[in-house]
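Welcome! Let's take a walk through a protein model together, stopping at a few residues along the way.

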Amino acid sequence: MAKRPPITNRVKELREAHDGMSQAALAKAIGVTRQTVIAIEQGRYSPSLESAFRISRVFGVGLEDVFGWTED
């Protein structure tokens, strides 16, 4: 089984707090598929830097308010 990336995120929490935004709506807003949003929320996929910036801008917060780094 592949090791999860050491990046944590609050995407699901922020999405739900943003008027219950759907995964599909977020995906459309940042230019990815819904499956990609699911993988990001589950911590199975780390978004590109461009997608990370787009996510933070959708929610009006900084990158570090969305993403974190966990040391091993």
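Which residue takes a positive phi just after H3? Gly43 does, with a phi of about 75°.

## Before we start

What you see is a predicted model, in which local features need pLDDT of at least 70 and side-chain atom pairs count only at pLDDT 80 or more, while totals for chains, interfaces and linings use all residues. Residues are numbered from 1 along each chain as its sequence is written, and side-chain values use heavy atoms, with hydrogens and water left out.

## Helix H3 and its cover

Helices (H or I, at least four residues) and strands (E, at least two) are DSSP runs, numbered from the N terminus. Helix H3 covers residues 34–41, and Val37, Ile38, Ala39, Ile40 and Glu41 in it are buried. Buried means under 20% relative accessible area, exposed over 50%, and partly exposed in between (1.4 Å probe, protein chains only).

What covers these buried residues? The cover includes strands S1 (7–9) and S2 (67–69), together with helices H1 (11–17), H2 (23–30) and H4 (49–59).

## The nonpolar core

A nonpolar core is a set of buried Ala, Val, Leu, Ile, Met, Phe, Trp, Tyr and Cys residues joined through side-chain atoms within 4.5 Å. The largest one here has 13 residues, and those with the most contacts inside it are Val11, Leu26, Ile40, Ile55, Phe59, Val66 and Phe67. H1, H2, H3 and H4 each supply at least two residues of this core.

Take Val11 as a guide. Leaving aside neighbours within four places in sequence, Val11 is in contact (heavy atoms within 4.5 Å) with Leu26, Ile40, Glu41, Ile55, Phe59, Val66 and Phe67.

## An enclosed space

Rolling a probe the size of a water molecule over the atoms shows where empty space is left. On a 1 Å grid over the protein atoms alone, a cavity is a set of points where a 1.4 Å probe fits but cannot get out, and lining residues have an atom within 4 Å of a point. Grid points are joined across faces, edges and corners, and a volume is the space filled by probe spheres set on the points.

How many cavities of 30 Å³ or more does the search of the whole structure find? It finds 1, and the largest cavity has a volume of about 40 Å³. Its lining consists of Pro5, Ile7, Asn9, Ile40, Gly43, Tyr45, Ser46, Pro47 and Phe67. These divide into 6 nonpolar, 3 polar and no charged residues. In this sorting, Ala, Val, Leu, Ile, Met, Phe, Trp, Tyr, Cys and Pro count as nonpolar, Asp, Glu, Lys and Arg as charged, and the others, Gly among them, as polar.

Not counting residues up to four places away in sequence, Ile30 touches Arg54, Ile55 and Val58. Ile30 and Ser51 are 21 residues apart in sequence, yet 6.3 Å apart in space, C-alpha to C-alpha.

Ser56, in helix H4, has 4% relative accessibility and so counts as buried. A polar atom of the Ser56 side chain lies 2.9 Å from the backbone oxygen of Phe53.

## The loop between H1 and H2

His18 and Asp19 both sit in the loop between H1 and H2. His18 counts as partly exposed because its relative accessibility is 32%, whereas Asp19 is exposed, with a relative accessible area of 80%. Most residues other than glycine have a negative phi. Asp19 is not a glycine, although it has a positive phi of about 55°.

Key: On a 1 Å grid over the protein atoms alone, a cavity is a set of points where a 1.4 Å probe fits but cannot get out, and a pocket is an open set with protein on both sides within 12 Å along at least five of seven lines; lining residues have an atom within 4 Å of a point. A polar contact is a pair of N or O atoms within 3.5 Å; within protein, one must be able to donate a hydrogen and the other to accept it, and residues adjacent in sequence count only if both atoms are side-chain atoms.
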